[in-house]
Amino acid sequence: MSKIISGFSKLTKEEKIKWLAANYFNNQPEIINTIKQYWNVDEKLQQLHDDFIENTISNFYMPYGVAPNFIINGKEYVIPMVVEESSVVAAASLVAKFWSSRGGFKAEVISTQKIGQVHFMYEGDKTELTQYFESKKNDLLSATTSITRNMEKRGGGILDVELVDKTDKLANYYQLHVTFETVDSMGANFINSCLEAMAKEFRNDEIEVVMSILSNYVPECLVRAEVSCKVEEMGGEYPQKFAKKFCQAIQIAEIEPYRAVTHNKGIMNGIDAVVLATGNDFRAIEAGVHAYAAKSGTYKSLTHCEVKDGIFRFWIEIPLALGTVGGLTSLHPMAKLSLDMLQKPSARELMMIMATAGLAQNFAALRALTTKGIQHGHMKMHLMNILNQLGANESEKKEIATYFDGKTVSHSAVVEKYNKIKK
Ligand code: MEV
């Protein structure tokens, strides 16, 4: 029997769960229990979360961790991270501590412009269109005044409107290409409202507006973070060799897309965790970052490295369109807590914090990959997970961890060792 349903959204939460259980879980009672187990006991708080989206039936927990010891431009931070992958927070904390005794992270915002476009079709004469655009330019801006008033008070607004001819790529296709400054808000609603108002003002019998929407490609909303120290301060037995290998790993990610994607994924382990913790839009960030990584036509590393005159320098340049006001940042109590923990940063400061988190994560990954290998740390975690499952106590854990130091961890080997100790 078909499970297609009309009016699902109108059902109560209880009814939705019942329908789900009946149609997709054979009415197993434990399904309903699992779903309800994650409801918040505070009904008001639950209602707040229910109202973020549609058809909410429960909450989905993610671990919320913190990475202390970050120093960015001389200021100390503890960075909140929401992530399900083990080792990410530990890596961030370790690297933060490492660089805290080597001058910390230096970061700077390069630019903060965002883009929106009105995409339209026009079959007529291009000169006439250009003249029409010039004659309409002021009206386009006037059409947005009620929307831009508040933003302008905060130092933002529309910076520029251009007519762009794209007919060489698609017949009759033009754009109004609009540049925005949205200060501390991500500005998606603001940008889209301005664009729709402009489109309404611009359209005529010959201009067919296809759509009006912001772009998540933000190469002009760019931040840079870096660390540097003398090569001999890099630690380990052979700091020269380490620095060289580290830079080689980056060079590989600069020319080899298969590696670059994984390299950048590791960077995003750090960035996405802070994006989530602060209630920002991780899909927008991801889309923008990867498009930027591919801007040359080849997908490349977002981080760079050099060793010059005995100095190791490692940096990231990354586009991040963020908000510290509006949206979920003020609605979600944990997002608000994260921003308070970060000492109420401006969007510019948050850009620097996130770029730093990404750089730190990449440093941790490359340090592990070019020295002990990535499985060493992962295996330690794996070992602890197995021992926790087996119910080992602290002294058993310690003994077994010592035994497996330098050995390959497999489930069966751990169980065997555990049973031996138990006997
Ligand atoms: C795993 O989540 C991330 C890494 O694969 C990143 C990298 O290879 O650089 C370790």
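This report describes a ligand site, a surface patch and some single residues in a predicted model.

Residues are numbered from 1 along each chain as its sequence is written, and side-chain values use heavy atoms, with hydrogens and water left out. Because the model is predicted, local features need pLDDT of at least 70 and side-chain atom pairs count only at pLDDT 80 or more, while totals for chains, interfaces and linings use all residues.

**The ligand site**

The residues around the ligand are Glu85, Arg259, Thr262, His263, Lys265, Gly266, Asn269, Ala365, Leu369 and Ile374; a residue is listed if one of its heavy atoms lies within 4 Å of the molecule. The table gives polar contacts, that is, pairs of N or O atoms within 3.5 Å.

| Residue | Distance from a polar side-chain atom to an oxygen atom of the ligand |
|---|---|
| Arg259 | 2.7 Å |
| Asn269 | 2.9 Å |

Taken alone, the ligand exposes 300 Å², and the protein buries 85% of that. Accessible areas come from the Shrake-Rupley method with a 1.4 Å probe, and for residues only the protein chains shown count as cover.

**A nonpolar patch**

On the surface, Phe60, Met62, Leu276 and Phe282 form a nonpolar patch with about 400 Å² of accessible area together. Patch residues have over 30% relative accessible area and no salt bridge, and nonpolar side chains are joined within 5 Å, like charges within 9 Å. A salt bridge is a side-chain nitrogen of Lys or Arg within 4 Å of a carboxyl oxygen of Asp or Glu.

Leu276 belongs to helix H9 (residues 257-277). Helices (H or I, at least four residues) and strands (E, at least two) are DSSP runs, numbered from the N terminus. Leu276 counts as partly exposed because its relative accessible area is 32%; buried means under 20%, exposed over 50%, and partly exposed in between.

**Two residues with positive phi**

Most residues other than glycine have a negative phi. Asn26, not a glycine, has a positive phi of about 50°. Asn26 sits in the loop between helix H1 (13-24) and helix H2 (29-37), and is exposed, with a relative accessible area of 69%. Asn69 also is not glycine, and its phi is positive, near 75°. Asn69 is in strand E1 (residues 64-72) and is partly exposed at 36% relative accessibility.

**Val78**

Val78 lies in strand E2 (residues 75-82) and is partly exposed, with a relative accessible area of 26%. Beyond its neighbours within four places in sequence, Val78 is in contact with Val66, Ala67, Pro68, Met341 and Leu342, where contact means heavy atoms within 4.5 Å. The C-alpha atoms of Val78 and Ser338 are separated by 9.6 Å, although these residues are 260 residues apart along the chain.

Definitions and conventions:
Buried < 20%, exposed > 50% of the residue type's maximum accessible area, 1.4 Å probe, protein only. Polar contact = N/O pair within 3.5 Å; in protein donor to acceptor, adjacent residues only side chain to side chain.
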